[in-house]
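Welcome! Please take a look at the sequence and the model below, and then let us walk through them together.

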Amino acid sequence: MAQVRVRFVGGPAHDLVRELPAEPGGQPPPRWILRHPDGRPAPAGSEADHLYERDHRDGYGTWTMRYVRTEPFGATE
């Protein structure tokens, strides 16, 4: 599966850069849920889903995913 580079803007993952699965047109998925943006497990009782939406591609080919909201863990599934 092809990958595309994205930078998360806003919210708990602000400025995090990751590779996400690419859609057939080469763009990232329309929405993406992050659970633990920094890679560490969340402290007990503070688990949450952070919803991001595809925004635009910059001049270097990196897409941005803009923060939408945070929901309790599992609420976005």
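Tyr-52 is buried, with a relative accessible area of 0%; here buried means under 20% relative accessible area, exposed over 50%, and partly exposed in between (1.4 Å probe, protein chains only). Phe-8 is buried as well. This is a predicted model, in which local features need pLDDT of at least 70 and side-chain atom pairs count only at pLDDT 80 or more, while totals for chains, interfaces and linings use all residues. Residues are numbered from 1 along each chain as its sequence is written, and side-chain values use heavy atoms, with hydrogens and water left out.

**Aromatic rings**

How many aromatic pairs does the structure hold? There are two. Rings of Phe, Tyr and Trp (its six-membered ring) pair if their centres lie within 6.5 Å; planes under 30 degrees apart count as stacked, over 60 as edge-to-face and the rest as tilted. The table puts the two pairs side by side.

| Pair | Centre to centre | Angle between planes | Kind |
|---|---|---|---|
| Phe-8 and Tyr-52 | 5.0 Å | 80 degrees | edge-to-face |
| Tyr-52 and Tyr-67 | 5.5 Å | 65 degrees | edge-to-face |

Phe-8 belongs to strand 1 and Tyr-52 to strand 4, 44 residues apart, and their pair links distant parts of the chain. Strands, like helices, are DSSP runs numbered from the N terminus (strands: E, at least two residues; helices: H or I, at least four). Because Tyr-52 lies in strand 4 and Tyr-67 in strand 5, the second pair ties together parts that are 15 residues apart in sequence. Tyr-67 is partly exposed, with a relative accessible area of 29%. Through these ring pairs, Phe-8, Tyr-52 and Tyr-67 are linked into a cluster.

Five of them form an open sheet in the order 2-1-5-4-3, with mixed pairing; two strands pair if DSSP finds at least two bridges between them. Strand 2 (17-21) and strand 3 are the edge strands, each pairing on one side only. From one strand to the next, the twist averages 40 degrees (axes are lines fitted to C-alpha atoms, for helices over the stretch in contact, and angles run from 0 to 180 degrees between N-to-C directions).

Strand 4 has a partner in strand 3 (residues 31-34), and the two pair in the antiparallel sense over four bridges. Within this pairing, Ile-33 has Leu-51 of strand 4 as its bridge partner. Strand 4 also runs antiparallel to strand 5, joined to strand 5 by eight bridges. Here Ala-48 stands opposite Pro-72, and His-50 stands opposite Thr-70. Strands 4 and 5 form a hairpin with five residues between them, and Gly-61 in the turn has a positive phi of about 95 degrees.

Ala-48 is found in strand 4, which covers residues 48-57. Is Ala-48 buried or exposed? Its relative accessible area is 13%, so Ala-48 is buried. Ala-48 and Ile-33 are 15 residues apart in sequence, and their C-alpha atoms are 9.8 Å apart in space.

Asp-49 also has its place in strand 4, and Asp-49 counts as buried because its relative accessibility is 0%. Its side chain makes a polar contact with the side chain of Arg-35 at 2.5 Å. A polar contact is a pair of N or O atoms within 3.5 Å; within protein, one must be able to donate a hydrogen and the other to accept it, and residues adjacent in sequence count only if both atoms are side-chain atoms.

Thr-62 is found in the loop between strand 4 and strand 5 and, at 11% relative accessibility, counts as buried. Leaving aside neighbours within four places in sequence, Thr-62 is in contact (heavy atoms within 4.5 Å) with Arg-5, Val-6, Arg-7, His-56 and Arg-57.

**The nonpolar core**

Which residues make up the largest nonpolar core? Val-4, Val-6, Phe-8, Ala-13, Leu-20, Leu-34, Tyr-52, Trp-63 and Met-65 do, nine residues in all. Strand 1 (3-9) and strand 5 (63-72) are the elements that give two or more residues to this core, and strand 1 provides the largest share, three residues. A nonpolar core is a set of buried Ala, Val, Leu, Ile, Met, Phe, Trp, Tyr and Cys residues joined through side-chain atoms within 4.5 Å.

Not counting residues up to four places away in sequence, Trp-63 touches several residues, among them Val-4, Val-6, Gly-26, Pro-28 and His-56.
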